[in-house]
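Please read the briefing below alongside the sequence and the coordinates. It takes up a helix pairing, then a pocket, then the overall fold and some backbone details.

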Amino acid sequence: MIVGILGGGQLARMLALAGVPLGIETVVVDPSPSPCAALVARHVAAPYDDAEALDRLSGLCDVVTCDFENVPAAALERVARTTRVYPGARSLAVLQDRLTEKTCFSELGIPTPRFHPATSPGELRDAIESIGMPCVVKSRRFGYDGKGQAVIDRLEDVDRADELLAASSVIVESFIPFEHEVALVAARSTSGEHVYYPLVESHHVDGILRWVVPIDAPELQQQAEQYAGRLLDELGHVGALGFEFFRTSDGLLANEAAPRVHNTGHWTIEGAATSQFENHLRAIAGLPLGNTATTGFAGNVNFIGSVPDPADVLAVEGAHHHDYGKEPRPGRKVGHATVVTKDVESRDAGLVRLRELAEAALR
């Protein structure tokens, strides 16, 4: 089987690697002359709206997927004329726009922060007044890793929100004083089978995910699975999906979902019986989904801007090193390390050491 991937970043790279034991070849379309997935997959260098490249991809592949959610809808529609595309256009259309996303959550009975859209300076101020301060103003599309959003604590901060509005329509959300951010990775197959990974606690700095650790919280796990299951079925989603929540004293509030493999699930490569990447491929290929049970006490640390010396990383008990082969750049995810051990104490000590190495690599 040949799987096409629109996007050639690290997620496509890890999907390609997961496909090798399954006998799955991969082809990526990416406008970059040398995306990091090109080392392990065939690469078609072309914009996502290049009709010739899309037709070539659909002719080569049995099924096509994406490694990020902002692929133009027209590109998916063109490929879908002749080839299966998973997840489908509806998943991307709903989840790539924060307003349609939050509206969908609300319609499914999934609790969210209060929200209000705005398309003009007057509407923006009305929305902020309606939601109240503090609040968060977010661009409706293309925001990630803390980009495209501003926290508004006082009227003097509204100018920062105006800058976002000048670039795109926005959504104003109530600020949630959460206890932790948590995330769930799920997958749904072509037959409607669901699987769920353990809920993880996710830790961000400047809006960028730095490290995650699975948690044992049965009630929250059940709640997160119920919410994710409703969304998967409503969208007819096929493949992996990452769902981020705020953990509050009243339970979970939905923050956002991504219709793809997710950074909060990278620990599953070594820390689960079947990784999120393998389960995504199984799902879109029409294969049975795999066991999501943990193989030990796991967690992972992202390398932002620079990758530490592999020898230092691998000296940590239970550590596994992943270098994405990307050019170092401030704020850029260039790798990660997973740690898997037989006890929670050594796992936690390993995560502390990996975070120290990640920080030291930036100096």
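In this predicted model, helix 1 (residues 10-19) and helix 10 (residues 276-285) pack at an angle of about 75°, and their axes lie 8 Å apart. Since angles of 65 to 115 degrees count as roughly perpendicular, helix 1 and helix 10 are therefore roughly perpendicular to each other.

**Helix 1 against helix 10**

- On the side of helix 1, the residues in this contact are Leu11, Met14, Leu15, Ala18 and Gly19, and they meet Phe277, Glu278, His280 and Leu281 of helix 10.
- Sorted by class, the contact of helix 1 with helix 10 comprises six nonpolar residues, two polar residues and one charged residue.

**The second largest pocket**

- Rolling a probe the size of a water molecule over the atoms shows where empty space is left.
- The second largest pocket holds about 170 Å³ of space, and its lining is made up of Met14, Leu17, Ala18, Pro21, Ile269, Ser275, Phe277, Glu278 and His322.
- Helix 1 and helix 10 each supply at least two residues of that lining, and helix 1 gives the most, with three residues.
- By class, the lining of the second largest pocket divides into six nonpolar residues, two polar residues and one charged residue.
- Met14 and Ala18 of helix 1, together with Phe277 and Glu278 of helix 10, take part in the helix contact, and these four residues are also among those that line the second largest pocket.

**Overall fold and dimensions**

- The protein contains 12 helices and 18 strands, and its C-alpha atoms fill a box of roughly 55 × 50 × 40 Å when taken along the principal axes.
- For a chain of 363 residues, a compact globule would have a radius of gyration near 21 Å, and the 20 Å found for the protein agrees with this.

**Backbone details**

- Most residues other than glycine have a negative phi, and most peptide bonds are trans.
- The peptide bond from Tyr86 to Pro87 is cis, with omega near -5°, and Pro87 sits in the loop between strand 5 (84-85) and helix 4 (89-95).
- The peptide bond from Met133 to Pro134 is likewise cis, with omega near 0°, and Pro134 is placed in the loop between helix 6 (121-131) and strand 7 (135-139).
- Asp206, although it is not a glycine, has a positive phi of about 55°, and this residue lies in the loop between strand 12 (200-205) and strand 13 (208-214).

Technical notes: Residues are numbered from 1 along each chain as its sequence is written. This is a predicted model: local features need pLDDT of at least 70, side-chain atom pairs count only at pLDDT 80 or more; totals for chains, interfaces and linings use all residues. Side-chain values use heavy atoms; hydrogens and water are left out. Axes are lines fitted to C-alpha atoms, for helices over the stretch in contact, and angles run from 0 to 180 degrees between N-to-C directions. Helices (H or I, at least four residues) and strands (E, at least two) are DSSP runs, numbered from the N terminus. Angles under 35 degrees count as roughly parallel, over 145 as roughly antiparallel, 65 to 115 as roughly perpendicular and the rest as oblique. Contact means heavy atoms within 4.5 Å. Ala, Val, Leu, Ile, Met, Phe, Trp, Tyr, Cys and Pro count as nonpolar, Asp, Glu, Lys and Arg as charged, and the others, Gly among them, as polar. On a 1 Å grid over the protein atoms alone, a cavity is a set of points where a 1.4 Å probe fits but cannot get out, and a pocket is an open set with protein on both sides within 12 Å along at least five of seven lines; lining residues have an atom within 4 Å of a point. Grid points are joined across faces, edges and corners, and a volume is the space filled by probe spheres set on the points. The radius of gyration is taken over C-alpha atoms; the globule rule is 2.2 Å times the number of residues to the power 0.38.
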